[in-house]
Each structure stands twice: as C-alpha cells, then as structure tokens.
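Please look through the sequence and the model below, and then read on for a description of how the chain is put together.

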Amino acid sequence: MILNETLRLYSPAINLLRRVEREVRLGKLIIPANTEFYIPLLALHHDPEIWGQDVHLFKPERFAEGVAKATSNNITGFIPFGFGPRVCVGSNFAVNEVKIALSMILQRYKFTLSPDYVHDPIQIIIVLPQKGVQIVLGKL
C-alpha cells in the first residue's frame, strides 16, 4: 500500500507518449491514425474525480482493497509504469528491488526525516527531490 501510494504521488515518469496506429474511437472522440499524444501521469494520479478530494494527501490505506477499489474500478487510473503491451519491462523488478532494499534497511535501522528536510519535488523527465532527501538513520 505504501509503495503504491508513493508511486501514485511521485510516479517514476511524469507522462507517457503514445501514437495511435489506426483511427480509434473513444466515446464521441475520434483519434486519427498516426496521432501522437501525451498521457500526463501526474495529472491522472492527482485527479480528484478518481482519487477523491484528499488526492494530495499521502494515504496508503487507499490501496487496502487493491488498485481497483482505490480507483473506483478505473484500472487505468493508476499506471505508474504504463499499461498494456507497452508496460515498463522493469516494473516488477523495480517493485521487488524496493521491497527487498526496504526490508533489509528496516531490519537494522530506524529512520526519520532530518529536521532540515524541505519537501520540494521537481519534474525533469521523472519526479526528483530537488534538495535531496535528508534522513537520519539510527541503529536498532
């Protein structure tokens, strides 16, 4: 739940570029063949219609009953690594790597944010902490 909420608020990519190979109808909208468009992941993952009015809050419990419940059954409302046949090939590896690294750290250390930490993310292809993430590690 914590990883999903972190990926929702701070997606690895800020947008996806897609090209329509042939004419496609989406509801009343007709997209011509060879049209390129961006899917703004940050806007999608911060949309109050999908996530509720507390969209900007860090609430891992959103995912307590899975992604479908968190997005009101809009499965494309949460796509931090893309979706469908063009999903990021490294997504499973990345998530497993984070789980392993965190479990190894949490077995030996407790950590808190430094009092000097300033939350200031920036968007440069991906979302990054502009001033770094200062944490204080304490041995367990």
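Of the contacts in the chain with a separation of 6 or more, 54% are between residues 24 or more positions apart, where contact means heavy atoms within 4.5 Å. This is a predicted model, in which local features need pLDDT of at least 70 and side-chain atom pairs count only at pLDDT 80 or more, while totals for chains, interfaces and linings use all residues. Residues are numbered from 1 along each chain as its sequence is written, and side-chain values use heavy atoms, with hydrogens and water left out.

Some values for the chain are gathered here.

| Property | Value |
|---|---|
| Span of the C-alpha trace along its principal axes | about 60 × 30 × 30 Å |
| Buried residues | 24% of the 140 residues |
| Secondary structure | 5 helices and 8 strands |

Buried means under 20% relative accessible area, exposed over 50%, and partly exposed in between, with a 1.4 Å probe and protein chains only. Helices (H or I, at least four residues) and strands (E, at least two) are DSSP runs, numbered from the N terminus.

The largest nonpolar core has 12 residues, among them Leu 16, Trp 51, Phe 63, Ala 70 and Phe 78; such a core is a set of buried Ala, Val, Leu, Ile, Met, Phe, Trp, Tyr and Cys residues joined through side-chain atoms within 4.5 Å. Leaving aside neighbours within four places in sequence, Phe 63 is in contact with Met 1, Asn 4, Glu 5, Arg 8, Trp 51, Ala 70 and Phe 78.

Leu 16 and Arg 18 form the covered face of strand E1 (residues 15-19), and Leu 16 stands opposite Ile 39 in E4.

Note on methods. Two strands pair if DSSP finds at least two bridges between them.
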